Amino acid sequence: ALALSVEKAEKAIMSEPPRPADQPLINRRAMLILGLGGLYTGISTLALFQFYLGQSHALASTMAFTNIVMTAQMLALSFRNLSGPVSAIGWFSSPWILVAIATMALLQALAVYMPALQGILHTVPLSAKDWGIILLIMLPLFIVPETYKWLKAAHTRTGVSS
């Protein structure tokens with residue numbers, strides 16, 4: 001949240017008309033997009049937990065916990081700008097969001113692999129395959145919003161409204 005708070009303003013923000021005072025800060029479209037991201041995270045986490053539960057409760061819990069943490073990082077990256085794709089605003093235009101995501105990934109790895117934290121958090125080590133599954137689950141949270149924003153930007157450049 002702190003990293004998102006220091007995100008640079010969108011380039012054309014001052015050329016847009018002001019938001020009406022009675023309009024909410026987060027409109028219905030944004031709520032829908034955020035809600036779908038949360039729903040996807042919840043469903044994928046439950047599916048992972050159910051799938052891994054046959055192997056062990058500790059592994060299922062660790063996968064669910066890691067999925068929630070990592071998908072939240074992907075959502076932060078995807079939704080740092082709701083109108084422009086990352087390719088347009090720049091991958092490194094906000095180093096703080098990248099530092100925050102890397103820090104959270106490191107902390108999650110410590111929670112999964114550091115014996116003292118494993119005991120406190122009841123986690124077990126994950127394999128490379130387990131991390132690969134989580135990565136595959138995270139990808140749609142980036143690809144879908146970025147594709148939508150890219151198509152919307154392309155339509156705006158050509159004068160077609162979306």
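**Close-up views of a predicted model**

**View 1. Helix 5 and its buried face.** Helix 5 (residues 95-113) is built from 19 residues and reaches 27 Å from its first C-alpha to its last, close to the 27 Å expected at 1.5 Å a residue; helices here are DSSP runs of H or I with at least four residues, numbered from the N terminus, and the expected span is 1.5 Å times one less than the number of residues. Ile 97, Ile 101, Gln 108, Ala 111 and Val 112 of helix 5 are buried, where buried means under 20% relative accessible area and exposed over 50%, with a 1.4 Å probe and protein chains only. Seen down the axis of helix 5, these buried residues fall within an arc of 95°, so they line one face of the helix; the arc is taken from the directions from the helix axis to the C-beta atoms. On the other side of helix 5, Trp 96 and Leu 106 are exposed. This is a predicted model, in which local features need pLDDT of at least 70 and side-chain atom pairs count only at pLDDT 80 or more, while totals for chains, interfaces and linings use all residues. Residues are numbered from 1 along each chain as its sequence is written, and side-chain values use heavy atoms, with hydrogens and water left out.

**View 2. Helix 2 and its buried residues.** The 26 residues of helix 2 should span 38 Å at 1.5 Å a residue, and its end C-alpha atoms are 37 Å apart, which agrees. Buried in helix 2 are Ala 30, Gly 37, Thr 41, Ser 44, Thr 45, Leu 48 and Tyr 52.

**View 3. The largest nonpolar core.** A nonpolar core is a set of buried Ala, Val, Leu, Ile, Met, Phe, Trp, Tyr and Cys residues joined through side-chain atoms within 4.5 Å. Of the 22 residues in the largest one, Leu 48, Tyr 52, Met 63, Met 74, Leu 126 and Ile 134 touch the most other members. Helix 2, helix 3 (57-78), helix 5 and helix 7 each supply at least two residues of this core, and helix 3 gives the most, with nine residues.

**View 4. Gly 84 in its loop.** Gly 84 has its place in the loop between helix 3 and helix 4 (86-89), and at 11% relative accessibility Gly 84 counts as buried. Although Gly 84 and Ala 153 are 69 residues apart in sequence, they are 6.8 Å apart in space, C-alpha to C-alpha.
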